[in-house]
Amino acid sequence: MIRVEHLTKTFSLNSQQRKELGTTDSTVTAVDDISFSCEPGRVYALLGPNGAGKTTTLRMLSTIFTPTSGMIEINGIDAVKDPQEARKHIGFLTGSAGLYARLTPNELIRYFATLYGVSDNAFEERKQKLYTLLDMHDFQNKRIGKLSTGMKQKVSICRTMIHDPQVVIFDEPTSGLDVITAENIIHLINDCRNQGKTVIFSSHIMSEVDLLCDDISIIYRGKLLFNDTMESFREQMEAPNLTAEFIRIVNNSKTPAL
Amino acid sequence: MIGTIFKKELKDTLRDRRTVMMMIIVPTLIFPVILNLFVGISSSFEKDAAEKNVNIGVVSAAPSRMDTELKTLPAELGKKALITVSDTIQLAKLIADDSLQIGIFIPAAADSSIARKEAVPILVFFDATEVGMQDRAKAYLEYVNEKLKKERYAELKIDEATLVPITTAYRNIASDKEMIGKFAGGILPYIFIVFGFLGCMYPAIDLFTGEKERGTIETLLTTPVPRWKLLFGKMGVVVLSGLTASTFSLFGLFFSIEVLQVIDNPEFLAIIHDILTLKFVLMLYLLLFPLTVLFAGIMIPIAVRAKSFKEAQSIISPLNIVIIMPAMVGFLPGIELNAITALIPVVNVVLATKELIAGTLEWPLIILSFGVMSALAVVMVMLSYKRFGSESNVVN
């Protein structure tokens, strides 16, 4: 379970960043007082255009970034006060994540299992299960740098799941992948839901969200514009389709209130 | 956990061809190549100089005893040929185009000067860019001078020994080992420092900036491992790489001397054996360790902050010069390890190593140098930790 309350993240800007952003402000608020919760056995989608604050939110959930203010609870653990403990329960996968090209999948998976403190017995059992599930046996001893994109994605999935996390965070997991490779991720998300794990993923592709999620939130300029179930989203739709509705909600937020 | 990170990073580093090149191959080859070149070039110079046929142009205003003496110079003064030239203008021209190497002008009154027991004013022409020619000319004329002097002593019935009021003998109390240590000892630490720095450079960039660039740092930071452990595991590999590069340069030195037998002078070889003892090697590592940690501590904050491999390299590479410059102090004779130089980082390591080679080390100064380097290394490690702990630096 993930519980987020009044989460805010502000970054300081140096002179070069101020020039690039065309602002005189010394800070920028990437995430502005957002609250939501993700339940076990459900898939939560964080939908928003580029630069909306999705990655910053997920980086705070995965404890890479420390929030400026607000509370994050991961499986009952306060992730702000005890990030190290919270990380034990988190699996984190991003579409842009790289792998150590000079290692083999076996070496990489073993390394991450050790970092997560997985016992030898549990490691062997999970490794075999994941290798079979992802059909990784044939390339387990090849250098990762020599693998295809699809194979690398499988290694990434295996790395994310080797410690059997209860909370899985995906940051635009299918970005840059072809349809066949993206299919592995879709399967993984569904499997996680079926196993009762808490899943949160970010995307800017409405069709992907429609296919996978149970709950949805729309984030824009660091603020949550919508936060409810997918069912409720469909019921409240004013536009003819999901993508048009997403665009409508985002555009409405740009119009100043009368 | 630090051990797990260290092992993984070491494996990753050793599979990087560029790092292995800078860490093992280049340092191993540097001494054999330098020594072979040095010995080869210097012996070829000596051989060439000994075998070189020197053309001596002689301008004689009138035939004289000097011409005869120059024609009968002994063979042990080297191969030579005497060529008569009409005037000094022609003489200078022939030296300039290398047809002649030495030119000697003998005045018309040479014989009468000799008869009157006066000095004959000889003018010698030479090209200073032709190494050794002035010395050759001096040797020829000194030979003639001595011969004529002896004749005058005989004619004047003077015992040559009575013209020598004092004789002087100089006794050098410095051992050969000390001489080598003080005058040439700077080269050894210089090469260790250069390779220690270069050995650290690629792993530092690869393990920090490289992780950012490849997008692997994010996943690493989501593991339940404290950041200081990640830093120490990675830093350990950077330091080890620097020390490995220094070690392989030392290995290259041993290899050149013991296997390739580049040095064939038995006395010099005995001195080198006397220097390269186990105690020397251990003391050298005691000084190199904090220096290498310091190098790693300087490079890591830069590598953490840089957004790309290229950016990190463009900052660290010029830094090489800033750090290597003080190491060159070791080449200067006269600068020694004292209470002031022991406080200057890098310089103190070079000078302490020179003292080690010369066998004249003073423990308080060695301890002071070690203390200064260790304190600086700790400060830089703390700075590295601060940078690595900063989220804005770690994630692009």
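Visitor: In what sense do strand 1 and strand 4 of chain A pair, and over how many bridges?
Guide: They pair in the antiparallel sense, over five bridges. Strand 4 covers residues 69–74. Strands here are DSSP E runs of at least two residues, helices are H or I runs of at least four, and both are numbered from the N terminus. Two strands pair if DSSP finds at least two bridges between them.

Visitor: Before we go on, where do these coordinates and numbers come from?
Guide: This is a predicted model: local features need pLDDT of at least 70, side-chain atom pairs count only at pLDDT 80 or more, and totals for chains, interfaces and linings use all residues. Residues are numbered from 1 along each chain as its sequence is written, while chains are lettered from A and ligands numbered from 1 in the order in which they are written.

Visitor: OK. Which residue is the bridge partner of A:Ile2 in strand 4 of chain A?
Guide: A:Ile74 is its partner there. Strand 1 (residues 2–12) of chain A is also joined to strand 2 (residues 27–38), by eight antiparallel bridges. In that pairing, A:Thr10 stands opposite A:Thr29.

Visitor: What about A:Thr198, buried or exposed?
Guide: A:Thr198 counts as buried, because it has 25 C-beta neighbours inside 10 Å. The cut-offs: 20 or more other C-beta atoms within 10 Å is buried, 12 or fewer is exposed, and in between is partly exposed, with C-beta atoms placed from the backbone.

Visitor: And where does A:Thr198 sit?
Guide: In strand 8 (residues 198–203) of chain A. A:Thr198 and A:Ile74 are 124 residues apart in sequence, but 9.6 Å apart in space, C-alpha to C-alpha. Beyond four places in sequence, the contacts of A:Thr198 include A:Met1, A:Cys38 and A:Val167. Contact means C-beta atoms, placed from the backbone, within 7 Å.

Visitor: What's the strand order in the open sheet of six strands?
Guide: It runs 6-7-8-3-9-10 in chain A, with mixed pairing. Strand 6 (90–94) and strand 10 (223–229) each have a single partner strand, so one side of each is left without a neighbour in the sheet.

Visitor: How is strand 10 of chain A joined to strand 9?
Guide: By six bridges, with the two strands antiparallel. One of the pairs is A:Ile219 with A:Leu224.

Visitor: Switching to helices. How many residues of helix 2 of chain A are buried?
Guide: Eight of its eight, across residues 54–61. Among them are A:Lys54, A:Arg59 and A:Leu61. A:Thr63 follows the helix, and its phi is positive, near 70 degrees.

Visitor: Which residues have the most contacts inside the largest nonpolar core?
Guide: A:Ala45, B:Ala204, B:Ala296, B:Met299 and B:Ala303, in a core of 132 residues. A nonpolar core is a set of buried Ala, Val, Leu, Ile, Met, Phe, Trp, Tyr and Cys residues joined through C-beta atoms within 7 Å. A second, separate core has 16 residues, including B:Leu70 and B:Ile102.

Visitor: How many residues of chain B are in contact with chain A?
Guide: 18 of chain B, against 24 of chain A. Helix 1 (2–14) and helix 9 (217–221) of chain B each supply at least two residues of that side of chain B.

Visitor: Last one. How far apart are the C-alpha centres of domain 1 and domain 2 of chain B?
Guide: They lie 56 Å apart. Domain 1 is 2–41 + 176–394, and domain 2 is 53–163. Those bounds come from an automatic or database domain assignment.

Key:
Two residues are in contact if their C-beta atoms, placed from the backbone, lie within 7 Å.
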